[in-house]
Amino acid sequence: MSVLSVCEWLQSVPWAYGIKHSTWEFPVVESVHSLALSVMLWPAAILDLRLLGLTMQRRSVSQVAAQFLPWVWTGFTVMILTGALLFCSEAVKCYNSPFFRTKVVLLGAAGLNALLFHQTVFKKVAEWDENATTPWRAKLAGASSLIIWIGVVAMGRALAYA
Amino acid sequence: MLSESLRPYFEWCGNTWLGTAVRNTTWAFPAIETFHLLALAVLLGTVLIVNLRVFGLGRQYAPAAQLARQFEPWLLASLGVLIASGIPMAFSEPSKCFESVSFPIKMGLIVLGIVSQFTIQRRWVINGDAGGGKAKLAAVLSIVIWTLVGAAGKGIPYV
């Protein structure tokens, strides 16, 4: 059983087929997907910018993280759920699209970047929490996250027009 | 929805250098839309962070007025990017915008959003008593208006 045949089966399932072929379902799910981006992306970017020392320098990094990470997780959950629905409704198109494949790789990279950050430099945040200038690993994590998420959005848009 | 008498103006936009350039460049539209979406995330994200704080979310961190002041430059900058990226997209497909119901609704909501930002947001949230009824009204209006702007934008290709 190939991945492609799974995708073919997936988009033929009645509810998935319904999302793609009804007048309202696809644009509504897509709207929620785009709106959830605001809940996730900007709070994530604020933390990234703090890690780069570009905003909220007077607030400690851990406080900025505590304030904004719940937003990121809330938005991310909605994005994954609505994204899964959109994927199911046009699974074959996604499977064949280099943009979708790149998007999945970038999402993996974003996860890995966040995991590495939390497991390494953020564990010792107490040592540099109040500093406006953060360690280079924190800067690297912030810059990587910003670039990766811009790429994720760009791939999503490219996928829609390909 | 729009009066037929406006059609020539839309057609004029489509024939400008800007409209033709975006139409004739393969990846221009999705590339511009990427920036449009990123800026929307900044604008709507800020609107949510500030205005949900009026309702007590994140009480332990900073008062709503302080958040609103701190984030206003980001809000205005993202609005600038949204307008600057929205114009070439609209110019590239003016007939779609003209036929669409979502487009004029979106434009009306943007005007409403900008007016409310400089009037009731400034007065009641940024400079006001953030726990009061007026601040709450301004907060709800802001969230509803800007969310609908985003949703109406998504609606342009469909209705």
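**Notebook: the two-chain helical model**

**Entry 1. A:S60.** I began at A:S60, which counts as partly exposed because it has 17 C-beta neighbours inside 10 Å. The scale I applied calls a residue buried if 20 or more other C-beta atoms lie within 10 Å of its own, exposed if 12 or fewer, and partly exposed in between, with C-beta atoms placed from the backbone. I located A:S60 in the loop between α3 and α4 (61–89) of chain A. Leaving aside neighbours within four places in sequence, I found A:S60 in contact with A:D129 and A:E130. Contact here requires that the C-beta atoms of two residues, placed from the backbone, lie within 7 Å. I also checked A:S60 against A:S34: they are 26 residues apart in sequence and 30 Å apart in space, C-alpha to C-alpha.

**Entry 2. Conventions and confidence.** I note that this is a predicted model, in which local features need pLDDT of at least 70 and side-chain atom pairs count only at pLDDT 80 or more, whereas totals for chains, interfaces and linings use all residues. Residues are numbered from 1 along each chain as its sequence is written, and chains are lettered from A and ligands numbered from 1 in the order in which they are written. I read pLDDT as the predictor's confidence in each residue, from 0 to 100. For chain B the mean pLDDT is 93, and 98% of its residues reach 70 or more. For the complex, the predictor gives an ipTM of 0.92 and a pTM of 0.93.

**Entry 3. Chain A.** I counted seven helices and zero strands in chain A. Helices (H or I, at least four residues) and strands (E, at least two) are DSSP runs, numbered from the N terminus. The C-alpha trace of chain A spans about 55 × 30 × 25 Å along its principal axes. Of its 162 residues, 33% are buried. Among contacts in chain A with a separation of 6 or more, 78% join residues 24 or more positions apart.

**Entry 4. Helix α3 of chain A.** I looked up α3 (residues 25–51) of chain A, which has 27 residues and reaches 39 Å from its first C-alpha to its last, close to the 39 Å expected at 1.5 Å a residue. The expected span is 1.5 Å times one less than the number of residues. Within α3(A) I recorded a kink of about 25°, centred on A:S38. The bend at a residue is the angle between axes fitted to the seven residues ending there and the seven starting there. After α3(A) comes A:G53, whose phi is positive, near 75°.

**Entry 5. Chain B.** Chain B likewise comes to seven helices and zero strands. Its C-alpha atoms fill a box of roughly 50 × 30 × 25 Å, taken along the principal axes. I noted that 40% of its 159 residues count as buried. Residues 24 or more positions apart make up 80% of the contacts in chain B with a separation of 6 or more.

**Entry 6. Two residues of chain B.** I placed B:L109 in helix α6 (residues 102–126) of chain B. B:L109 is buried because 20 other C-beta atoms lie within 10 Å. Not counting residues up to four places away in sequence, B:L109 touches B:I145, B:L148, B:V149 and B:A152. B:L109 and B:I145 are 36 residues apart in sequence and 6.2 Å apart in space, C-alpha to C-alpha. I then turned to B:E72, in helix α4 (residues 64–92) of chain B. B:E72 has 16 other C-beta atoms within 10 Å and is therefore partly exposed. From B:E72 to B:A139 I noted 67 residues in sequence and 14 Å in space, C-alpha to C-alpha.

**Entry 7. The interface.** I found 22 residues of chain B in contact with 20 residues of chain A. On the side of chain B that touches chain A, α3 (28–54) and α7 (133–155) of chain B each supply at least two residues. α3(B) gives the most to that side, with 14 residues. By class, that side has 13 nonpolar, seven polar and two charged residues. In this scheme Ala, Val, Leu, Ile, Met, Phe, Trp, Tyr, Cys and Pro count as nonpolar, Asp, Glu, Lys and Arg as charged, and the others, Gly among them, as polar.

**Entry 8. Nonpolar cores.** A nonpolar core is a set of buried Ala, Val, Leu, Ile, Met, Phe, Trp, Tyr and Cys residues joined through C-beta atoms within 7 Å. I recorded 67 residues in the largest core, where A:M40, B:A41, B:L43 and B:V125 have the most contacts inside it. α3(B) gives the most to this core, with 13 residues. A second, separate core has eight residues, including B:V22, B:C97, B:F98 and B:I156.
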